[in-house]
Amino acid sequence: MSPAVQRDTTEERRSWDRRISTAVQRDTTKERRSWDRRISTAVQRDTTKERRSWDRRMSTAVQRDTTKERRSWDRRLGTGIRAGALAAAIAVVSFIGATPAWAHVHASSPGAVRGGVAMVTFEVPNESPTGSATTELTVTLPDVASARTETQPGWTARLDRDAETGAVRSVTWTATAGGIGADQFGLFRIAMKLPDTDTVDFPSAQRYADGTVVRWDQPPPPGGGEAERPVPTLELAAGPASAPEHHAQHPPPAVSAGPAQTAQPEDAATGRADNAARLLGGAALLVAAVAAILALGRRRT
């Protein structure tokens, strides 16, 4: 074979080798890309499936923990509500049992002593369930030798004296207009010579505009505590009288049941204490009711 032929044959073979090599590389690249796509798709599919599986597991675990935590909080909240309701109920009972006197006819006279002359104040609240006004108050006195009542706008005072001895047996205040309205109280004052005893009782009768009469004349029960309608009682200290009789018979201006009068500091403090006691009692009752409703709702849920 001649050198020219050999050269052409060699060149052609090289050309075919390049074509074959290029074709093989092209097919290999295409096939590799195809496999890469398949592998990537499979990996993505497996990854997605695994991720979904993990998501389901995580969601189940979170829900389980959330349910457990919610039940724990429900138990804590239920216990707290029950404790709050119990505390409120105890507070209400304690309040009712400890401070019932503000709702009754009450007698007071700071510094009063046995056998002395004193100014006695009767505090009279309106407790009518129908809102009827208090129009009359009668107080039985311990047969005092002399007594004088305070002049009050809107009220008249009448002393009942014994015909033979002249001792004052009782005093009656009668409203000439209005009287003591609902959620109000009146103060009635009388100067008298007190008996020489440790305590003195003032049985009273409170009359309302609708004809109802409430008698405050019950002594303390034998077992202790307070009667339903206790008699107003004044405790007297031992010692000389705090003021001469003629001073007690002409006392300085004092508060009355009329709206135009101004209360003394002690009586104003008593009124504020009464209002505070009523607010505390109402708040305690409200807290107990709300706590009981919440506890019942939780139990049903």
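Is Trp173 buried or exposed? Select Trp173: its relative accessibility is 1%, so Trp173 counts as buried (buried means under 20% relative accessible area, exposed over 50%, partly exposed in between, with a 1.4 Å probe and protein chains only).

The model is predicted, so local features need pLDDT of at least 70 and side-chain atom pairs pLDDT 80 or more, while totals for chains, interfaces and linings use all residues. Residues are numbered from 1 along each chain as its sequence is written, and side-chain values use heavy atoms, without hydrogens and water.

Next, select strand S7, residues 185-193. Strands are DSSP runs of E with at least two residues, numbered from the N terminus. Seven of the nine residues of S7 are buried, so the strand is largely enclosed by the rest of the structure.

Ala118 stands opposite Met192 in S7. Strand S4, residues 147-149, also runs antiparallel to S7, with three bridges. There, Arg148 has Ala191 of S7 as its bridge partner.

Turn to the rings. Four aromatic pairs are found in the whole structure; rings of Phe, Tyr and Trp (its six-membered ring) pair if their centres lie within 6.5 Å, and planes under 30 degrees apart count as stacked, over 60 as edge-to-face and the rest as tilted. Phe122 and Trp173 form a tilted pair, 6.4 Å centre to centre with 55 degrees between the planes. Finally, select Phe188, which is buried with a relative accessible area of 0%.

Notes
Helices (H or I, at least four residues) and strands (E, at least two) are DSSP runs, numbered from the N terminus. Two strands pair if DSSP finds at least two bridges between them.
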